[in-house]
Amino acid sequence: MISDFHLPLVLASSSKYRKELLSRLGLPFTTASPDIDETPLPAETPAETALRLACLKAKAVGKKFPDAVVIGSDQVAECDGEAIGKPGTFENAFAQLKKMRGKKVIFHTALCVWNGRDSRPDENAQKKTVDTCVTFRDLPDDELQAYLKTEEPYDCAGSAKNEALGIVLLEKIESDDPTALTGLPLIALTTMLRHCGITFFPEKP
């Protein structure tokens, strides 16, 4: 339950995956889509892009909900030092999977919690990046194409849904938080929410 502060909780995302993950905590929340430019900056690393965008999302929505705790998150995959985002199309997804097969790919999942009740919410926003190292199987073209046609993961960075059939493309997952790869690192998030005065269990009578 929410503590005596009764802070509204807002997820700064339209992602169905992040919404499902946050709902696991049993807290009432609403969602709002952040209107930001997600173009990477020149010379910015994939990890830096993810963290900057997570903070921009949280702050942009926080301006609309000044009394709320706002959660922003972003994920950028990295393969051979290059950023890999959401493919959008079959052709882009197939190219991504061919590039990643047989390789280790790092998924940088960034998190920012913006507390509108803080006297300086922008400066004091909590932020963290949780990395997940994923080793992809070296699969042939026909299997990659069959997977894409079956699951159509075109809205997922890296073109594979690990929580569904995409797990067959993976050989190994290394992370401190199993929810980070799906898009919202709940272990880090629950720590941040506690710092905002939000608790997760009702008090005993």
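In this predicted model, helices H3 and H5 pack at an angle of about 135°, and their axes lie 10 Å apart. The two helices are therefore oblique to each other, and their crossing is right-handed. The residues of this contact divide into seven nonpolar, one polar and three charged.

**The contact of H3 with H5**

- On the H3 side, the residues that take part are Phe-90, Ala-93, Phe-94, Leu-97 and Lys-98, and they meet Asp-141, Leu-144, Gln-145, Tyr-147, Leu-148 and Lys-149 on the H5 side.
- Phe-90, which lies in helix H3, is partly exposed, with a relative accessible area of 21%, a value that falls outside the range for buried residues because that range covers only areas under 20%.
- Once its neighbours within four places in sequence are left aside, Phe-90 is in contact with Gln-145, Leu-148, Lys-149 and Tyr-154.
- Phe-90 and Lys-149 are 59 residues apart along the chain, and a distance of 7.9 Å separates their C-alpha atoms.

**The two faces of H5**

- Helix H5 spans residues 141-151, and its buried residues are Leu-144, Tyr-147, Leu-148 and Glu-151.
- Seen down the axis of H5, these buried residues fall within an arc of 95°, so they line one face of the helix.
- The buried residues of H5 pack against helix H3, which covers residues 90-100.
- The face of H5 that is turned away from the buried side carries the exposed residues Asp-142, Lys-149 and Thr-150.
- Just after H5 comes Glu-152, which takes a positive phi of about 50°.

- Thr-182 itself lies in the loop between strand S7 (170-174) and H6, and Thr-182 is buried, with a relative accessible area of 18%.

- Thr-49 has its place in helix H2 and counts as buried, with a relative accessibility of 5%.
- When residues up to four places away in sequence are not counted, Thr-49 touches Pro-40, Glu-44 and Val-76.
- Lys-59 also lies in helix H2, but Lys-59 counts as partly exposed, at 26% relative accessibility.
- With neighbours within four places in sequence left aside, Lys-59 is in contact with Trp-114 and Asp-122.
- Lys-59 and Gly-197 are 138 residues apart along the chain, and their C-alpha atoms are separated by 19 Å.

**Loop residues with a positive phi**

- Ala-43 is not a glycine, and yet Ala-43 has a positive phi of about 65°.
- The place of Ala-43 is in the loop between strand S2 (30-31) and H2, where Ala-43 counts as exposed, at 83% relative accessibility.
- Asp-80, which is likewise not a glycine, has a positive phi of about 55°.
- Asp-80 is found in the loop between S3 and strand S4 (82-84), and at 53% relative accessibility Asp-80 counts as exposed, because the exposed class takes in areas over 50%.

Terms used: Residues numbered from 1 in each chain as written. Predicted model: local features only at pLDDT ≥ 70, side-chain atom pairs only at ≥ 80, totals over all residues. Heavy atoms only, no water. Buried < 20%, exposed > 50% of the residue type's maximum accessible area, 1.4 Å probe, protein only. Helix = DSSP H or I, 4+ residues; strand = E, 2+ residues; numbered from the N terminus. Arc of directions from axis to C-beta. Contact = heavy atoms within 4.5 Å. Axes fitted to C-alpha atoms, helices over the stretch in contact; angles between N-to-C directions. Parallel < 35°, antiparallel > 145°, perpendicular 65-115°, else oblique. Left-handed = near helix turned anticlockwise from the far one by under 90°. Nonpolar A, V, L, I, M, F, W, Y, C, P; charged D, E, K, R; others polar.
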